[in-house]
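Please examine the structure below together with its sequence.

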Amino acid sequence: MLYQIHPQDNVAVALQPIGKGEETVCGQQRITAREEIPKGHKIALQTILQGEAVIKYGNVIGLAREKIERGGWVHTHNLISQGDSHHGYTYQPDDRRIFPGKSDATFLGYRRPGGQAGTRNYIALVSGSFCTNTHLTAFARMASERYPKTENFDGFLPLTHDCGCGQMGQDLVYTRRTLASLIQNSNFGGVLFVELGCENNLFETISPYLETTWPERFRKMHLQSVEDEYSEAMALLGELYQQVIRDQRKPCPLSCLHIAANCGGSDGFSGITGNRLVGRLTERLVGEHGATVNITEVPEMFGAEHILMNRAQDEATFEKIVQLIEGFKGYIEKYGASASGNPSHGNKLGGISTIEDKSLGCIQKGGNCTVMDVIPYGHRAVQHGFNLVWGPGSDLVGVTAQIAAGANLVVFVTGRGTPVAFAAPTLKIATNTAVFQRKQAWMDFNAGDLLDGADLKGKEEELFQMVLAAAEGRYRTSNERSGFYQIGILRDGVTL
């Protein structure tokens, strides 16, 4: 009935609802619940005095606001977060770090310039500003009717957003750099950029951020200068289509696979099942095959940042992680906010109490992999292996930054369930069987049966094979089946 994550923990997680006065078992201990303990929530394994640390994952998730008796419910009402605090850090390299390996393994993907490989072959329609969004979606719909999908063409993706005009300074730089990085994503066999013509975000302001160009697969359209934008768009998309449909999947090194690992709608089981399983996947992809996995959700590293810092490949990378954490805390403070606002209403209902509690579960997605680099917001990855991306906990903005960094497949863990979709195939992993069964249209993989005794190694192999099938197009992920794709761009400044 109870799950103690680490031997040093003074709390355990309830695998099922526990009634007041009910006796339950944790290892060799028998504990009587002093009050009702909801499923996924924490129960005290010993008396915790006021001001003492509450330990989960072998780390502090907060301080006791009051005395918590053995068998008591440990949650938001009696925990104090220290997630906003600033700390001094010392680099103490973790001997268990897993560095990128190398193998001859391959997957069937689309070879791209610069040694990249795509898991899909889309034509992306990218808007310069929100002014062109309605036309962009209309163009994609018309093109889909005229130019059908084929075995080697996965369709038209209209990547609309709410930026591109009325911006200035760093806010506008974020938009330009993110769009430039998205344009270069290896899943896009062709790109049509649509600008109105009077916005601040014309393509000429984005092009300086392009690193890898593919001129023959790129078209641009200026709406204010064409007589009939619909016929012009169909002609340009037709030109791209004729090139893209000739592409064929070919063996590509597995090291070209780039996974964005993220989570949303998390619950008390996320760090025990889904994120833990993704951590095993990350260790295998990176440690055995030299693939790239990135994570973001920087505020969901607060309270766990010391673990990531000590997994840095060297002192220079350690300093980058320190700046990542301190820089994001500065961003939060600039707007008078608090990291304690990150755990959502649903997170708390699912058993997550503080940002530290959430963070220690969140970083499980990296396993014990060495942090090879920190990628600034909107930039592209330059190092193979496990990377950290500057981005928020907000799912859409964060995952967009991960795809901009070069991810060609998303692995997304959820406990409460979410239909959110991104601009790449998104494989959804349920942390519990109930949500997997209730929302099968949203889900791809059930990690919840780990709570029922499923073999961890067997589940790891099952997930690895599903990821390979998704990478090769043999498996269509939940967002693909629904036809759902979105992007979101970070805003940091005034709107004029």
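Student: On what basis are residues numbered, and which confidence limits apply to the model?
Tutor: Residues are numbered from 1 along each chain as its sequence is written, and side-chain values use heavy atoms, with hydrogens and water left out. This is a predicted model, in which totals for chains, interfaces and linings use all residues, side-chain atom pairs count only at pLDDT 80 or more, and local features need pLDDT of at least 70.

Student: What is the volume of the largest pocket?
Tutor: On a 1 Å grid over the protein atoms alone, a pocket is an open set of points with protein on both sides within 12 Å along at least five of seven lines, whereas a cavity is a set where a 1.4 Å probe fits but cannot get out. Grid points are joined across faces, edges and corners, and a volume is the space filled by probe spheres set on the points. For the largest pocket this volume is about 670 Å³.

Student: Which helix gives the most residues to the lining of the largest pocket?
Tutor: Lining residues have an atom within 4 Å of a point, and 26 residues line this pocket, with Tyr-57, Arg-96, Arg-311, Gln-364 and Asn-368 nearest its centre. Two elements give two or more residues to the lining, namely helix H5 (274–289) and helix H6 (305–309); helices (H or I, at least four residues) and strands (E, at least two) are DSSP runs, numbered from the N terminus. With four residues, the element that gives the most is H5.

Student: How many charged residues are in the lining of the largest pocket?
Tutor: Ala, Val, Leu, Ile, Met, Phe, Trp, Tyr, Cys and Pro count as nonpolar, Asp, Glu, Lys and Arg as charged, and the others, Gly among them, as polar. By these classes the lining has eight nonpolar and 12 polar residues, and the charged residues number six.

Student: Is Tyr-57 buried or exposed?
Tutor: Tyr-57 is found in the loop between strand S6 (53–56) and strand S7 (59–64), and its phi is near 60°, a positive value in a residue other than glycine. Most residues other than glycine have a negative phi. Buried means under 20% relative accessible area, exposed over 50%, and partly exposed in between (1.4 Å probe, protein chains only). Because its relative accessible area is 11%, Tyr-57 is buried.

Student: What is the relative accessibility of Glu-297?
Tutor: Phi of Glu-297 is also positive, near 60°. Glu-297 is placed in the loop between strand S18 (292–295) and H6. Glu-297 counts as buried because its relative accessibility is 1%.

Student: Which helix gives the most to the lining of the largest cavity?
Tutor: There are two cavities of 30 Å³ or more, and the largest cavity holds about 70 Å³ of space. Its lining has 14 residues, of which Asp-267, Ser-270, Ile-352, Asp-357 and Gly-361 lie nearest the centre. Four residues of the lining come from the helix that gives the most, H9 (residues 355–362).

Student: Which helix provides the largest share of the lining of the second largest cavity?
Tutor: The second largest cavity has a volume of about 50 Å³. Among the residues that line it are Pro-419, Lys-428 and Trp-442. Three residues, the largest share, come from helix H13 (residues 478–482).

Student: How many residues apart in sequence are the parts that the pair Asp-247 and Arg-217 ties together?
Tutor: A salt bridge is a side-chain nitrogen of Lys or Arg within 4 Å of a carboxyl oxygen of Asp or Glu, and the side chains of Asp-247 and Arg-217 meet in one at 2.8 Å, N to O. Asp-247 lies in the loop between helix H4 (229–244) and strand S16 (250–253) and Arg-217 in the loop between helix H3 (203–206) and strand S15 (218–222), so the pair ties together parts whose separation in sequence is 30 residues.

Student: Are Lys-358 and Glu-300 buried or exposed?
Tutor: The side chains of Lys-358 and Glu-300 meet in a salt bridge of 3.4 Å, N to O. This pair links distant parts of the chain, 58 residues apart, with Lys-358 in helix H9 and Glu-300 in the loop between S18 and H6. Both Lys-358 and Glu-300 are buried.
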